[in-house]
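Trainee: I would like to learn how to read a structure step by step. Could we look at one together?

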Amino acid sequence: MSTDAIVLLKEDHKEMRRLFREFEKAQEGPASRRRKLVDEIVAALTTHTYLENEVMYPEVRKLLPDLEDDILESYEEHHVADVLCAELAAMDASDDHFVAKTTVLIENVEHHVEEEEQEWFPKVREALGRNQLQEIGERMIALRPDAPRSPSDPKAVKSARHAITA
């Protein structure tokens with residue numbers, strides 16, 4: 001398994017895309033299936049944004065000040081996802097707005113992922129190189145087992161609050 005931070009984040013992105021496609025297939029199915037998939041999406045996103053907010057973004061922000069605007073935009077995109085995740089976690093899957101809200105979450109995350117993978121990650125890889133990205137990745141791997149999986153987890157709330165004031 002790679003310890004490269006960008007490779008790890010892209011693996012998360014791949015898993016989220018898989019979950020998104022599963023949800024899209026399940027939209028007309030039973031509410032219980034939608035609930036299960038959204039719970040998985042929320043857990044994956046909560047962990048992913050936590051790792052980026054706590055490790056990747058602060059480290060890149062420190063090492064590459066020219067990417068400050070990109071990082072601030074990413075923090076704000078995470079904030080939108082965090083709000084939608086919290087709302088979805090509290091909603092009943094049979095609610096009229098459940099599918100629509102999940103669709104908005106998916107669209108926002110897909111936009112964020114596209115920007116990261118096409119614009120931001122190449123700049124970071126070029127500027128930092130393999131060793132620094134592996135060090136960042138190792139920190140993310142170490143933090144993952146204790147990372148929050150629910151938007152109401154105090155660590156997720158603290159991380160989100162810190163991200164919007166960073």
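The dialogue below goes from the whole chain to one residue.

Mentor: Please keep in mind that this is a predicted model, in which local features need pLDDT of at least 70 and side-chain atom pairs count only at pLDDT 80 or more, while totals for chains, interfaces and linings use all residues. Residues are numbered from 1 along each chain as its sequence is written, and side-chain values use heavy atoms, with hydrogens and water left out.

Trainee: How many helices and strands are there in the chain?

Mentor: Helices (H or I, at least four residues) and strands (E, at least two) are DSSP runs, numbered from the N terminus. Here the chain has five helices and zero strands, and its pattern along the sequence reads α-α-α-α-α.

Trainee: What are the spans of the C-alpha trace along its principal axes, and what share of the residues is buried?

Mentor: The C-alpha trace spans about 45 × 30 × 30 Å along those axes. A residue is called buried under 20% relative accessible area, exposed over 50%, and partly exposed in between (1.4 Å probe, protein chains only); by that rule, 44% of the 166 residues count as buried.

Trainee: Where is asparagine 53 placed, and is asparagine 53 buried or exposed?

Mentor: Asparagine 53 lies in helix H2, which covers residues 31-63, and it counts as buried because its relative accessibility is 3%.

Trainee: Which side chain does asparagine 53 join by a polar contact?

Mentor: A polar contact is a pair of N or O atoms within 3.5 Å; within protein, one must be able to donate a hydrogen and the other to accept it, and residues adjacent in sequence count only if both atoms are side-chain atoms. In this model, the side chain of asparagine 53 is joined to that of histidine 78 by a polar contact of 2.8 Å.
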